[in-house]
Amino acid sequence: MHQFIAGQNLTGSSGNKHDVIDPSTGETVETVVLAGADDVDAAVAAARQAFPGWSRATPGERSAVLSRLARLLEEQAEELARLESRQTGKPLRLAREFDVPGTIDNVDFFAGAARHLEGKATAEYSSDHTSSIRREPIGVIGSISPWNYPLQMAAWKILPAIAAGNTVVLKPAANTPLTSLMFARILQQAGLPDGVVNIVVGDGREAGAALMRHKDVDMVSFTGSTTVGRTVLEAAAFNSKRVHLELGGKAPFVVFEDADVDAAAHGAVAGSLINTGQDCTAATRAIVHRSVYREFVDKVAELYRWVRVGLPADEGTDIGPLISYAHRDRVAAMVDRARGYATVVTGGTAPGGALADGAFYEPTLITDAAPDSEIVRDEVFGPVLAVLPFDSDDEAIRLANDTPYGLAASAWTRDVYRSLRATREIKAGCVWINDHIPIISEMPHGGMKESGFGKDMSAYSFEEYTQVKHVMYELTGAVEKDWHRTIFRIR
Ligand code: NAD
């Protein structure tokens with residue numbers, strides 16, 4: 001029963017089965033019967049039916065559901081962390097210390113933010129009228145999420161949408177649907193009315209495409225690759241839906257000559273290997289001043305060799321497997337092609353022994369790749385960091401921006417003027433100074449350029465999930481208004 005529609009646990013109508021695989025062992029966690037177009041229709045109809053009631057619930061009522069949700073998630077935190085780790089292969093430590101608490105903090109944030117939705121102050125902008133702004137929900141939101149942080153991505157999609165009074169149909173990635181389903185069931189326990197959040201677990205090209213094109217969906221919110229994002233834009237054009245796109249990234253990590261190289265090396269390891277590098281904001285291109293280049297490469301290589309690749313449930317594991325064998329093979333093929341034009345300093349292999357059955361891959365450091373080579377330009381989405389040298393600040397900024405993506409970036413420097421220049425000139429939705437990766441519920445996450453548009457998290461996400469309506473009240477009560485005389489005059 002892996003479809004959650006109108007508060008019911010149902011089986012998918014496509015008849016096609018899909019195994020959710022633990023990529024650390026290849027074992028099947030659960031077998032899902034995938035959703036077909038009929039399930040998408042039913043879920044959208046349920047969301048449509050739930051919309052009038054939920055959109056009229058007071059902010060206080062919506063907030064109360066989210067507050068209860070946060071406490072229920074705390075009670076089930078360990079179970080959620082274990083399930084998230086099992087279906088993705090991510091270390092249990094990461095799921096326990098990042099994915100689950102981050103999600104709960106988001107829920108608490110939106111429980112508060114639900115009560116702070118505001119329009120602009122009412123005022124007279126013409127002497128004969130009072131204008132006011134109503135901030136209203138959009139309607140039924142069709143959301144699609146990826147497999148890398150399934151629980152957090154489901155939360156990022158669902159929370160601002162329902163806090164603002166919308167209803168949602170979410171299609172998680174078919175290989176990692178289990179915590180999204182659990183999240184929706186806990187929302188039901190928290191008192192969310194049936195139909196406000198529906199989960200359809202299906203193939204992207206079938207259920208995902210049907211949801212994006214659906215005529216009764218008012219907005220589509222997509223997180224995933226830039227390639228699929230383009231097809232989502234096309235589908236949304238069909239009936240002019242509002243669109244929010246969180247797409248790929250290729251984050252630069254700029255180390256200036258005055259940086260603390262030890263701190264930068266540690267930051268590069270954590271920033272490139274989080275979630276086995278399957279993070280859209282992960283550090284992927286270290287752009288390092290030539291005077292500290294060799295020191296930086298040596299330090300990162302040494303730290304990479306310390307990183308423990310291991311089974312997700314082992315406390316000592318730093319990084320787990322990639323999401324699937326197919327993805328591991330894709331990452332390995334990109335590294336193998338890079339051997340022809342660059343130097344693989346460390347890594348570049350799949351570990352054997354106890355890890356031979358899983359989709360594991362060693363942390364891989366690459367130097368001597370040209371800025372326009374595949375490994376530097378394309379999203380690898382694995383534990384791979386390429387390092388490039390630079391000679392001047394102008395060159396560093398140019399290299400940082402030399403990508404179609406613009407999601408995240410960091411600059412490492414102790415010079416305040418360099419940091420100001422980097423934050424102003426690097427085109428990315430987030431620029432960290434002397435760190436790389438931290439996110440917080442109060443601040444927006446979202447891209448520029450081909451990384452998409454719109455914001456997740458923070459009060460800014462309400463801009464995506466609400467629309468403003470101008471309401472104008474005539475003040476004089478006159479039969480013939482002054483402005484009528486411009487159009488017609490009774491003689
Ligand atoms: P993907 O684009 O392959 O899939 C994402 C989702 O889209 C899945 O649910 C999939 O089933 C669905 N999908 C696939 N084809 C579809 C279609 N034709 N129509 C509708 N839906 C379709 O991405 P992925 O491999 O699951 O995730 C990795 C990608 O996500 C990376 O590019 C990463 O950078 C990006 N990502 C971005 C952010 C962000 O905030 N910008 C966050 C996480 C991941």
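**Exercise 1. Helix 2 against helix 4**

Task: In this predicted model, determine at what angle the axes of helix 2 and helix 4 cross, and which residues make the contact.

Solution: Begin with the two segments, helix 2 covering residues 59–75 and helix 4 covering residues 92–113, whose axes come within 8 Å and cross at roughly 160 degrees. Because angles over 145 degrees count as roughly antiparallel, helix 2 is roughly antiparallel to helix 4. The handedness comes next: helix 2 passes helix 4 in a left-handed crossing. On the side of helix 2, the contact is made by Ser-63, Leu-66, Ser-67, Leu-69, Ala-70, Arg-71, Leu-73 and Glu-74, while helix 4 contributes Ile-104, Val-107, Asp-108, Phe-110 and Ala-111. Sorted by class, the residues of this contact between helix 2 and helix 4 are eight nonpolar, two polar and three charged.

**Exercise 2. Helix 2 against helix 6**

Task: Describe how helix 2 packs with helix 6, giving the angle and the distance between their axes.

Solution: Helix 6 spans residues 178–189, and helix 2 packs with helix 6 at an angle of about 120 degrees, the axes being 9 Å apart. That angle makes helix 2 oblique to helix 6, and the crossing of the two helices is right-handed. The residues in contact are Val-65, Leu-66, Leu-69, Leu-72 and Leu-73 from helix 2, together with Phe-183, Ile-186, Leu-187 and Gln-189 from helix 6. By class, the contact of helix 2 with helix 6 holds eight nonpolar residues, one polar residue and no charged ones.

**Exercise 3. Helix 13 against helix 14**

Task: Work out whether helix 13 is roughly parallel or roughly antiparallel to helix 14, and how the residues of their contact divide by class.

Solution: The axes of helix 13 (residues 393–400) and helix 14 (residues 416–425) come within 11 Å and cross at roughly 30 degrees. Since angles under 35 degrees count as roughly parallel, helix 13 is roughly parallel to helix 14. Helix 13 passes helix 14 in a right-handed crossing, and the contact joins Asp-393, Asp-394 and Ile-397 of helix 13 to Arg-418, Arg-421, Ala-422 and Glu-425 of helix 14. The division by class for helix 13 with helix 14 is two nonpolar, no polar and five charged.

**Exercise 4. The largest pocket and the largest cavity**

Task: State how much space lies in the largest pocket and in the largest cavity, and identify the residues nearest each centre.

Solution: Take the pocket first: about 1,300 Å³ of space lies in the largest pocket, which is lined by 46 residues, with Trp-147, Phe-222, Gly-224, Ser-225 and Val-228 lying nearest its centre. Helix 7 (204–213), strand 10 (219–223), helix 8 (226–237) and helix 11 (325–338) each supply at least two residues of this pocket's lining, and the lining of the largest pocket comprises 21 nonpolar, 16 polar and nine charged residues.

The largest cavity holds about 160 Å³ of space; it is lined by 16 residues, and Tyr-149, Trp-156, Asp-279, Cys-280 and His-445 are the closest to its centre. Helix 5 (residues 150–163) gives the most to the lining of the largest cavity, with three residues, and that lining divides into nine nonpolar, four polar and three charged residues.

Conventions:
Residues numbered from 1 in each chain as written. Predicted model: local features only at pLDDT ≥ 70, side-chain atom pairs only at ≥ 80, totals over all residues. Heavy atoms only, no water. Axes fitted to C-alpha atoms, helices over the stretch in contact; angles between N-to-C directions. Helix = DSSP H or I, 4+ residues; strand = E, 2+ residues; numbered from the N terminus. Parallel < 35°, antiparallel > 145°, perpendicular 65-115°, else oblique. Left-handed = near helix turned anticlockwise from the far one by under 90°. Contact = heavy atoms within 4.5 Å. Nonpolar A, V, L, I, M, F, W, Y, C, P; charged D, E, K, R; others polar. 1 Å grid on protein atoms, 1.4 Å probe; cavity = no way out; pocket = protein on both sides within 12 Å on 5 of 7 lines; lining within 4 Å. Points joined across faces, edges and corners; volume = space filled by probe spheres on them.
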